[in-house]
Amino acid sequence: MNIKINNLTKTYDNQIVLDNISLEINNTSTIGIIGKSGCGKSTLLRQLAGIEEPDGGEIIIDGLSPITDKIEFQKSIGVVFQKHNLFPHLTLKENISLILRKAKNMNKQKADSIAKQLLEKLFIENEADKRPNMVSGGQNQRCSIARALATDPKLIFLDEPTAALDPILTNEVLKAVNQLKNEGINFIFVTHEIHFLKQFADYIIFFENGIICEHGDVSCLQNPQTTHLAQFLGGI
Amino acid sequence: MKKGTSFLIAILVYSSLILLAVFFTIDNPRYDLILQDYRMLIDGFITTILASLITLVCSMVIGFVLFLAERSKHNIVHAFAVVFSEIIMGTPLLIMIFLAVYVIGGIIFISNKFVLGVFALTLYMAPYLSNAYKTAVAVVDKDQYIVMNLYHFTLFEKYRYIIIPQMIRPLLPSLINNLSSIIKGSALLRIVSVSDISYVLTVISSKNWAAIEGYYVMWLLYLIITIPLSILAKYLAKKVSI
Ligand SMILES: Nc1ncnc2c1ncn2[C@@H]1O[C@H](COP(=O)(O)OP(=O)(O)OP(=O)(O)O)[C@@H](O)[C@H]1O
Ligand SMILES: [Mg+2]
């Protein structure tokens with residue numbers, strides 16, 4: 001995947017969260033975003049996924065802009081939100097099949113069976129007929145990954161996909177996303193898990209005070225160039 | 001004291017007070033004269049229920065249109081809906097009924113008092129139902145709209161699959177409370193001679209020179225309908241919040 005960001009800016013009520021960010025990354029398949037809590041990682045992800053409009057700047061991801069080609073761009077992405085954002089009145093299966101019926105014009109039967117397969121892929125097929133408030137945070141999180149897969153995306157955004165998971169499940173998710181990576185799907189993700197980051201990211205972006213403090217190949221975690229990143233890594 | 005016992009005592013005390021009033025505030029009460037016309041009473045009772053249910057259904061529909069209009073992104077649609085609601089909510093039902101029967105009826109060539117009366121009640125209630133929808137729709141949080149927009153749901157799909165199914169549960173108790181308001185409001189329809197409970201009782205009691213008895217019977221009949229409804233609404237509200 002190729003990403004180009006030019007002078008990206010986002011402000012909430014006079015608080016500058018993204019401060020004139022520019023960046024170009026080519027030929028990479030997984031990008032991990034790290035930084036302190038509240039530094040704007042989710043905000044960056046929302047702008048990249050076209051969920052929010054930035055105040056200024058340009059983004060081009062594989063030839064499409066999430067700002068100006070939003071509809072076209074969003075057809076080929078999946079998003080896993082920090083809070084799972086499943087519809088509370090639908091079962092896990094219905095949450096996925098509704099998206100399949102909508103995005104791929106499937107009939108209910110076909111959508112249900114594919115939804116089942118996706119849930120199996122994330123080991124939660126036994127929870128298929130429960131609603132989100134009846135299952136654990138980790139199960140919801142995995143359902144939300146399954147939903148992101150429903151549209152056959154080429155690129156998936158993950159906002160702390162393992163935050164609600166225990167180490168064993170984190171490994172399961174890691175296995176699942178690594179397999180998807182091998183199938184050719186690209187990822188842009190936010191994580192606090194250094195292990196997950198090292199195992200999954202090709203490229204990392206370290207974010208602080210609204211600017212990109214350091215970025216580069218995942219190997220830069222071994223020998224950070226800035227004291228900020230060194231301190232951050234020392235802290236976790 | 002236990003909750004159940006307390007309620008039992010409260011109910012017994014109030015019932016006795018009401019019975020005392022019904023039997024001992026009038027010299028020589030003649031309820032027999034009023035109950036003689038039980039056929040008329042039943043007809044009146046049915047008319048009240050019918051008018052109220054029709055009004056509920058119609059005002060649910062008009063209230064929903066109003067609700068959608070108030071949520072509209074088009075400023076002009078929004079403005080018309082908001083001002084309309086304000087005017088209606090500031091208008092006494094009595095005036096609404098007169099306007100419907102003597103002005104609007106003439107304009108649209110309908111002279112059936114029942115139809116026009118129900119129309120007035122419907123208009124009067126629509127903003128209250130719109131408010132009920134507004135409260136109910138708040139259960140759909142911002143995150144859900146983010147997901148709907150990400151998958152490019154059309155406006156229809158948003159309401160059909162996500163918003164309306166979640167509105168139903170919180171809406172039920174307030175629908176029933178509104179039905180109670182409608183039933184009480186329908187008592188005013190007698191001023192344009194719709195033969196509901198209150199009209200029928202006015203007729204019977206003036207025929208028999210038993211005005212106070214008439215009002216007492218009327219009161220009890222309304223309580224018989226509205227109290228169970230209120231209990232049902234409380235029960236549903238409790239179930240819904242779980
Ligand atoms: N919709 C919003 N309205 C106002 N302020 C917001 C909004 N979203 C985020 N912010 C603010 O922007 C800043 C960055 O938030 P963001 O959620 O992007 O941080 P984050 O890096 O993802 O944090 P975390 O690691 O805790 O998830 C925070 O100070 C937050 O209060
Ligand atoms: Mg975040």
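**Close-up views of a predicted two-chain model**

View 1. In S4(A), A:Lys4 has A:Ile60 as its bridge partner. This is a predicted model, so read each view with that in mind. Move along to A:Ile5 and you'll find its bridge partner in S4(A) is A:Ile59. These pairs belong to the stretch where strand S1 (residues 3-12) of chain A and S4(A) run antiparallel, joined by five bridges.

**View 2. The S1-S2 hairpin of chain A.** S1(A) and S2(A) run antiparallel and are held by seven bridges. How many residues sit between the two strands of this hairpin? There are two, and A:Asp13 in the turn has a positive phi of about 40°. Keep an eye on A:Asp13, as A:Asp13 is also one of the residues around ligand 1.

**View 3. The six-stranded sheet of chain A.** Here's the other sheet: an open one of six strands, in the order S5-S6-S7-S3-S8-S9 (chain A), with mixed pairing. Strand S5 (77-80) and strand S9 (211-217) of chain A stand at the edges with a single partner strand each, so one side of each has no neighbour in the sheet. From one strand to the next, the twist averages 15°. For a look inside the sheet, find strand S3 (residues 30-35) and strand S7 (residues 186-190) of chain A, which run parallel and share four bridges. A:Gly32 is a handy landmark, standing opposite A:Phe189 in S7(A). Helix H1 (residues 41-48) of chain A shows up in this view too, lying across S3, strand S6 (155-159), S7 and strand S8 (203-208) of chain A. H1(A) runs at about 150° to S7(A).

**View 4. The shell around ligand 1.** Which residues are around ligand 1? Going along chain A, they are A:Tyr12, A:Asp13, A:Val17, A:Gly35, A:Ser37, A:Gly38, A:Cys39, A:Gly40, A:Lys41, A:Ser42, A:Thr43 and A:Gln82. H1(A) gives the most to this shell, with three residues. By class, the shell has three nonpolar, seven polar and two charged residues.

**View 5. Helices H4 and H5 of chain A, crossing.** The axes of helix H4 (residues 108-121) and helix H5 (residues 137-149) of chain A come within 9 Å and cross at roughly 130°. That angle makes H4(A) oblique to H5(A). The crossing of H4(A) past H5(A) is right-handed. H4(A) brings A:Leu118, A:Leu119 and A:Lys121 to the contact, while H5(A) brings A:Cys143, A:Ala146 and A:Leu149. Sort the contact residues of H4(A) with H5(A) by class and you get five nonpolar, no polar and one charged.

**View 6. Helices H3 and H4 of chain B.** Over in chain B, helix H3 (residues 38-71) and helix H4 (residues 75-90) pack at an angle of about 130°, with their axes 7 Å apart. That makes H3(B) oblique to H4(B). Is the crossing of H3(B) and H4(B) left-handed or right-handed? The crossing is left-handed. From H3(B), B:Leu66, B:Ala69 and B:Glu70 meet B:Val77, B:His78, B:Phe80, B:Ala81, B:Val82 and B:Ser85 of H4(B). The contact of H3(B) with H4(B) splits into six nonpolar, two polar and one charged residues.

**View 7. Where chain B touches chain A.** To finish, here's the contact between the chains: 13 residues of chain B are in contact with 13 residues of chain A. On the chain B side, the elements giving two or more residues are helix H7 (142-150) and helix H8 (155-185) of chain B. The residues on that side of chain B divide into eight nonpolar, three polar and two charged.

Key:
Residues are numbered from 1 along each chain as its sequence is written. Chains are lettered from A and ligands numbered from 1 in the order in which they are written. This is a predicted model: local features need pLDDT of at least 70, side-chain atom pairs count only at pLDDT 80 or more; totals for chains, interfaces and linings use all residues. Axes are lines fitted to C-alpha atoms, for helices over the stretch in contact, and angles run from 0 to 180 degrees between N-to-C directions. Angles under 35 degrees count as roughly parallel, over 145 as roughly antiparallel, 65 to 115 as roughly perpendicular and the rest as oblique. A crossing is left-handed if the near helix is turned anticlockwise from the far one by less than a right angle, and right-handed if clockwise. Two residues are in contact if their C-beta atoms, placed from the backbone, lie within 7 Å. Ala, Val, Leu, Ile, Met, Phe, Trp, Tyr, Cys and Pro count as nonpolar, Asp, Glu, Lys and Arg as charged, and the others, Gly among them, as polar. Two strands pair if DSSP finds at least two bridges between them. A residue is near a molecule or strand if its C-beta atom, placed from the backbone, lies within 6 Å of it.
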